[in-house]
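Here is a report on the chain shown below. It covers charges, rings, cores and one hairpin.

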Amino acid sequence: MLKHDFAANQPGLLQNRRQFFSRTSAGIGGMALAQLLGGGDSAMADTGGVLPSTHFHAKAKRVIYLFMSGGPSQLDLFDYKPVLNEQNGQELPDSIRGGQRLTGMSANQATLPLAGSAFKFKQHGKSGAWLSDLLPHTAKIADDLCFIKSMHTEAINHDPAITFFQTGSQIAGRPSMGAWLSYGLGSDNENLPTFTVLVTKDKGGQPLYARLWGNGFLESVHQGVQFRAGADPVLYLGNPDGISAAGRRRMLDKLAELHRLEYEKNLDPAVNARIAQYEMAYRMQTSVPEVTDLSGEPEHIFDLYGPDSKKPGTFAANCLLARRLAERNVRFIQLYHQGWDQHGGLPGAIKNQCRDTDQAAAALVTDLKQRGMLDDTLVLWGGEFGRTNYSQGKLTADNYGRDHHPRCFTTWAAGGGIKPGISYGSTDEYGYNVAENGVHVHDFQATILHLLGIDHLRLTYKHQGRRYRLTDVHGEVVEAILA
């Protein structure tokens, strides 16, 4: 049986554990419907999770993570490198590559021709952030964003790379970031899951797996709950035919009586967890349809997010739904948008991707800001790695592709204690290596936890004789990007 790691620097945790088990539930609909009840995340306050309190002041109460699956090309969006256009078609210098490994998709190419971006770049806002003309809406909020241009990872293929960002390990099986936060901080909402997942519908590209938002070795209560477009946003939540709400309520009341008798007999905390499971599922029968019904949003909000925001399951509609979930204090809201894996035909493909995502992502930041929510909501945008500065396949006057590139890429963050209007870190003139202030995946994760009031070294779980944490045995908080 798995045991929690009750560290000596966390007094009273055993009692907290008992309270934790008495309030939690195993799942219905993917083993994830029931969530922790109660608790806040104000500075040094009771959290409702396994941590008796946050370790220090929490600047962010919640996270909305816009994950661009496939690896967006930083060289065509954020990282302006005029030398690539000047030397377009010339061979990647050996001195720049430095013998670094390539994927099997381009390692055997006879040449590695540098590929300048097909898109124009301009500086925007008081910060002077460089953005390509593919991102006109993001350009308008440049002064609200922190661009991290020196992200890097060891993973060069999609599955380990995306798993690394979500779980802190390239090997599947660890808890996802949202699960760690659910475990540590608990819930701030009694009627909705602590951790929700939204996937853009009908998008091709690299597959996504439920383990990316899984609980790993943590209790199943911490697993992300996927909301889908359609009549049943959460699977298996509705009552079967012939069962009314009143009938369900009577059944739950009688079942709770039986469970209480069983608990008094055996003192098994899993019994109380089962009661909480049923109760949460019952409450979600009302709360989920309410939060997913966008019909009450005013027209100017749909205009802000774009015409796709009226189409359930689109990225724009999911961004709007994310704001509604954030308003109801859902702690971790994960969006996935596939289709950024552009090994060939990049100019046309990336243009379509930006058309689907640019306006809605910018609208989300704008909407949170105008509602006074951006200060305590951390918004993240990025993929699992970047793209190469050379063309994969044939380079022509109007077409090219880019292979995977883990050495350096760009992500952005906004709100929740992030310093706005800055670009942190830089790459060399060819956009191939980090030049200064590198930010590793574990540094990124440590910083996210820090903003939520958690010392990443102290949120641990003992499994099979070892203490695990999201950042494994690495990670440093990037102090320079904190407001």
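## Charges over rings

In this predicted model, Lys310 lies over the face of Phe302, at 5.3 Å from the ring centre. Lys310 also takes part in a salt bridge with Glu299, where the closest N and O atoms are 2.7 Å apart. This pair links distant parts of the chain: Lys310 sits in the loop between helix 9 (299-305) and helix 10 (315-327), while Glu299 belongs to helix 9, 11 residues apart. Lys310 is partly exposed, with a relative accessible area of 48%. Glu299 is partly exposed too, at 45%.

A charge also sits over the ring of Tyr468. The charged end of Arg466 is 4.3 Å from the centre of that ring.

## Salt bridges

How many salt bridges does the structure hold? The count is 21. In general, side chains of opposite charge can pair when their charged atoms come close.

Asp159 and Arg211 meet through their side chains in a salt bridge, 2.6 Å from N to O. The pair links distant parts of the chain, 52 residues apart. Asp159 is in helix 5 (residues 158-167), and Arg211 is in the loop between strand 5 (195-199) and strand 6 (225-227). Asp159 has a relative accessible area of 30%, which makes it partly exposed. Arg211 is partly exposed at 32%.

The side chains of Asp356 and Lys203 form a salt bridge as well, at 3.6 Å from N to O. Asp356 lies in helix 11 (residues 346-370) and Lys203 in the loop between strand 5 and strand 6, so the pair ties together parts that are 153 residues apart in sequence. Asp356 is partly exposed, at 26% relative accessible area. Lys203 counts as partly exposed at 24%.

Salt bridges also build a network. Its members are Glu290, Glu297, Arg323, Arg324, Glu327, Arg328, Asp367 and Arg371.

## Helix 5

Is helix 5 largely enclosed or largely open? Eight of its 10 residues are buried, so helix 5 is largely enclosed by the rest of the structure. The buried residues are His158, Ala161, Ile162, Thr163, Phe164, Phe165, Gln166 and Thr167. Asp159, by contrast, is partly exposed. Gly168 follows helix 5 and has a positive phi, near 85°.

## Aromatic pairs

The structure holds 19 aromatic pairs. One of them joins Phe67 and Phe165: the ring centres are 6.2 Å apart and the planes stand at 65°, so the pair is edge-to-face. Phe67 and Phe165 are both buried.

Phe217 and Tyr468 form a tilted aromatic pair, 5.0 Å centre to centre, with 45° between the planes. This pair also links distant parts of the chain. Phe217 is in the loop between strand 5 and strand 6, and Tyr468 is in strand 17 (residues 466-468), 251 residues apart. Phe217 counts as buried at 9% relative accessibility. Tyr468 is buried, with a relative accessible area of 13%.

Ring pairs also link residues into a cluster. This cluster holds Tyr65, Phe67, Phe165, Trp213, Tyr336, Phe409 and Phe444.

## Nonpolar cores

Which residues touch the most other members of the largest nonpolar core? They are Leu66 and Trp412, in a core of 61 residues. Helix 11 gives the most to this core, with 10 residues.

Leaving aside neighbours within four places in sequence, Leu66 is in contact with Phe315, Cys319, Leu335, Ala361, Leu364, Val379, Leu380, Trp381 and Gly382. Another core lies apart from the largest one. This other core has 52 residues, among them Ala155, Leu185, Ala413 and Leu459.

## A hairpin

Strand 2 (residues 121-124) pairs with strand 3 (residues 129-132) in the antiparallel sense, over four bridges. His124 stands opposite Ala129 of strand 3. The two strands form a hairpin, with four residues between them. Gly125, in the turn, has a positive phi of about 70°.

Key. Residues numbered from 1 in each chain as written. Predicted model: local features only at pLDDT ≥ 70, side-chain atom pairs only at ≥ 80, totals over all residues. Heavy atoms only, no water. Pairing = 2+ DSSP bridges. Salt bridge = Lys/Arg side-chain N within 4 Å of Asp/Glu carboxyl O. Buried < 20%, exposed > 50% of the residue type's maximum accessible area, 1.4 Å probe, protein only. Phe/Tyr/Trp six-rings, centres within 6.5 Å; stacked < 30°, edge-to-face > 60°. Lys NZ or Arg CZ within 6 Å of the ring centre and 35° of its normal. Core = buried A, V, L, I, M, F, W, Y, C linked by side-chain atoms within 4.5 Å. Contact = heavy atoms within 4.5 Å.
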